[in-house]
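Today I am opening my notebook on charged side chains and who pairs with whom. Here is the model I had on screen.

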Amino acid sequence: MADETSWISHYDDDTRKETQDIDSLSEPGEEVDKDGTVISLDIMTDDLLDRILAYLPVESIFRASSVSKRWFSIVTSESFSWNPSNSPPQKPWYFMFTSSDEPTGCAYDPNLRKWYCIELPFIGTSNWIISSSYGLVCFMDSSRVLYMCNPITKRCKKLQEPYGLRFSDYGALAMSVDKESHSYILAIVKSKQVPENFSQWDISIHVYKSEEETWATPLTEVLIGWRGGEESVICNGVLYFLVYFTGGVPSESRHALVAYNVSGRASQASLRRSFISVPCSLTCGRLMNMKEKLVMVGGIGKHDRPDIIKGIGIWVLHDRKWEEIVRMPHKYFQGFGEFDEVFASSGKDDLIYIQSYGSPALLTFDMKVKQWKWSQKCPVTKRFPLQLFSGFCFEPRLKIAP
């Protein structure tokens, strides 16, 4: 497939030791029976081994790919017969990385409460803009180069970029995958300051459809006193993105939400008229699609110092009105140690992840049972005081390709 590659095209002993829990008396590809008899799986045909591995949950499939070259070839092939109905419901994983130029990090599985080491493709910098949907993850670096990847099968594809995107001051990325056809839509919000007019910002929306493999620019508009940023998401065919107040006519809040229909079902004349107020004064906001509902995790600013964070809240949008779901208990807020006014947060289905940029500590919130829980300690450690951490949420799936 053109422009497509594997994230890890090699197999080595170090990888196997990190990801494999096999009895110390047995070799890769062998099982030990109750009476101590070693049963070799190497004598099985590929078809039979395929059927056996197909009954493993996705986290075991991920680890099985590191057992041997043969197992890696089977579980990453397009003909692999894995069926998710054989496994319990899989919660979304969280990939954490540090502010280095090495394309490595660790993925957290909340089902087993374990971390796995993953290598990322083609990443020469930690300054990524990332969006995920239904097993696929899209990366856009500071030069606006785009890659679409499946982090479990390790397949990756470079996408063409829209004309002129590299010359923007800010860029936000969002994507949505169709669960039936596996086609996807990408949306990029470009924000560029108008020359010689610091209060005006040229906002343009660029949409890519995988079935057509083409970009379109359905809207360009100049906003006065508001600029785009890097936060956006697609829910039910609507692109939502945050804009930030830059000055001019006084505003009650430093943030506002913009809604734009990218499904093509209805036309829209003006971005300014689609502004939705945020629920309170925010230090930052993080948008996520939770079962096709727009959820925002936001840092709550102090009344007299709105740039100083005093807590974290979670809201869901209903017909342009925000409903508060919960506020983070103070003991968890304190558990991060020093918490900056901005932080990382993303989620899928019912699970939300929250992470401080200054620490590898990771907190989860289950929307269904309203439960806060710390993750297991991440293997990514802090090596120097100013080291930064970030991450993103994705759904581990095998049967989807870029």
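I started with Arg327 and Glu324, whose side chains join in a salt bridge at 3.2 Å, N to O. My criterion for a salt bridge was a side-chain nitrogen of Lys or Arg within 4 Å of a carboxyl oxygen of Asp or Glu.

A note on the source: this is a predicted model, where local features need pLDDT of at least 70, side-chain atom pairs count only at pLDDT 80 or more, and totals for chains, interfaces and linings use all residues. Residues are numbered from 1 along each chain as its sequence is written, and side-chain values use heavy atoms, with hydrogens and water left out.

Next I looked up accessibility, calling a residue buried under 20% relative accessible area, exposed over 50% and partly exposed in between (1.4 Å probe, protein chains only). Arg327 is partly exposed at 42%, and Glu324 is partly exposed at 39%.

Then I turned to Arg305, which forms a salt bridge with Asp307; their closest N and O atoms are 3.4 Å apart. Arg305 comes out partly exposed at 43%, and Asp307 is partly exposed at 33%.

How many salt bridges does the structure hold? I noted six.

One of them pairs Asp350 with Lys291, at 2.9 Å from N to O. Asp350 sits in the loop between β23 (344-348) and β24 (351-355) and Lys291 in the loop between β19 (282-290) and β20 (293-301), so this pair ties together parts 59 residues apart in sequence. I took strands as DSSP runs (E, at least two residues), numbered from the N terminus. Lys291 counts as exposed, at 53% relative accessibility.

Note on methods
Helices (H or I, at least four residues) and strands (E, at least two) are DSSP runs, numbered from the N terminus.
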